[in-house]
2 protein chains.
Amino acid sequence: MANEVVLLDFEMSPFAARVRIALEEKGIEYKSEVEDLSNKSSNLLKMNPVHQQIPVLIHNGRPICESMIIVQYIDEVWSHKPSLLPSDPYRRAHARFWADYIDKKIYPIGRNLWASKGELKESSKKELIQCFKILEEELGDKLYFGDESFGNIDMAFISFYSFFYTFETLGNWSMVAEFPKLVEWGERCLQKESVSKSLSDQKEVYEAALQIKQELGIE
Amino acid sequence: MANEVVLLDFEMSPFAARVRIALEEKGIEYKSEVEDLSNKSSNLLKMNPVHQQIPVLIHNGRPICESMIIVQYIDEVWSHKPSLLPSDPYRRAHARFWADYIDKKIYPIGRNLWASKGELKESSKKELIQCFKILEEELGDKLYFGDESFGNIDMAFISFYSFFYTFETLGNWSMVAEFPKLVEWGERCLQKESVSKSLSDQKEVYEAALQIKQELGIE
């Protein structure tokens, strides 16, 4: 059977971006089907009835959902290419821990920062800065979170690089002043074609965030 | 080097229970160090500085955090025993999807049901019932979520079996009437020694929940 790979996709989604990067890293040809999130396709509702969210990877007709689960699936199926996860179980657990941390923190807190106001916005700003501190400390002087090579943690986090400008502008701080190592790391990741062709432009994300704020009636 | 395995533990934690079950399933000897969660040990703060939560598995001095990540670590290190995850990548992704669903839904929604009142309690009740419906449908007529044998999804969910009585009593519904397959599945899992010796008694969990409600000043 041929490998038919379809991605139910949305350009600015950091979760879809992770999957696009993983597919590019493994050199997998795929068809991107971009969803209209305000009018989801019957295919999306059928392929991900539980969460009804993108991204969904459809491999030979069978759906796989949730971005980091998709990334692991891609890594396991296309195993002839270098692995995105370390082979040592302890380092694998470490990589999963940080990907999980990013998943639990950056999107929900980041969204509260840019899509709310007042107290919630202020507390989210503090919380997000704290997360970035923890992540900058974890990165330390390494080239990538996965040490010498781009891996699972980098893939989980780089998809939020597109949101750095939105965060710093709406939160009123400077990423390069506060978190120079994270910014350098982001620029380093962007030198990889798999990343640069998968990520949205920071200013475009900011414009989209402003649009959503307006629709939500915030400021 | 000998395998020195220590679990920073708490009896009633459903997350710690998962790890105890995985350790028992693999026949691993370990030392349980029970934490006082109102006065966490310096060892816990050192071993899990990011989340400062149990469970933490300390294997030969190195910490692994987050229950389902620990379960995967155990599965990968003690690989001579039957695997807790299927070998086929698609079935692995499926198992990870449902474990993730349980992680995202049952604890936070369940806690809102028993540790809140008014509108939040009512909406959480509806949401939790909806989750159980989805899980009962996923179980269907299978013996276990992992089909013929007890696996990763069962491990993720069975730890909440101890909370069924708390949920149905404080939510005012009957688990056996509404979700007979889930109750049967729970009883089936309990026939396994790894499960029965790792789970807390349903009535004891209920008493503890009442105590916490009182401390929180709810009803």
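Student: How many residue pairs are in polar contact between chain A and chain B?

Tutor: Ten, both residues being at pLDDT 80 or more. (A polar contact is a pair of N or O atoms within 3.5 Å; within protein, one must be able to donate a hydrogen and the other to accept it, and residues adjacent in sequence count only if both atoms are side-chain atoms.) This is a predicted model: local features need pLDDT of at least 70, side-chain atom pairs count only at pLDDT 80 or more, totals for chains, interfaces and linings use all residues, and side-chain values use heavy atoms, without hydrogens or water. Residues are numbered from 1 along each chain as its sequence is written, while chains are lettered from A and ligands numbered from 1 in written order.

Student: Why is the pairing of Arg92(B) with Glu76(A) called a salt bridge?

Tutor: A salt bridge needs a side-chain nitrogen of Lys or Arg within 4 Å of a carboxyl oxygen of Asp or Glu. Here the N to O distance is 3.0 Å, so the pair qualifies. Between chain A and chain B there are six salt bridges.

Student: What makes up the contact between the chains?

Tutor: Chain A and chain B bring 25 residues each, where contact means heavy atoms within 4.5 Å.

Student: Which residues is Phe132(B) in contact with, leaving aside neighbours within four places in sequence?

Tutor: Among them are Ile106(B), Phe157(B), Trp173(B) and Leu182(B). Phe132(B) is also one of the residues with the most contacts inside the largest nonpolar core, which has 146 residues. (Such a core is a set of Ala, Val, Leu, Ile, Met, Phe, Trp, Tyr and Cys residues joined through side-chain atoms within 4.5 Å, each buried, meaning under 20% relative accessible area with a 1.4 Å probe, protein chains only.)

Technical notes: Buried means under 20% relative accessible area, exposed over 50%, partly exposed in between (1.4 Å probe, protein chains only).
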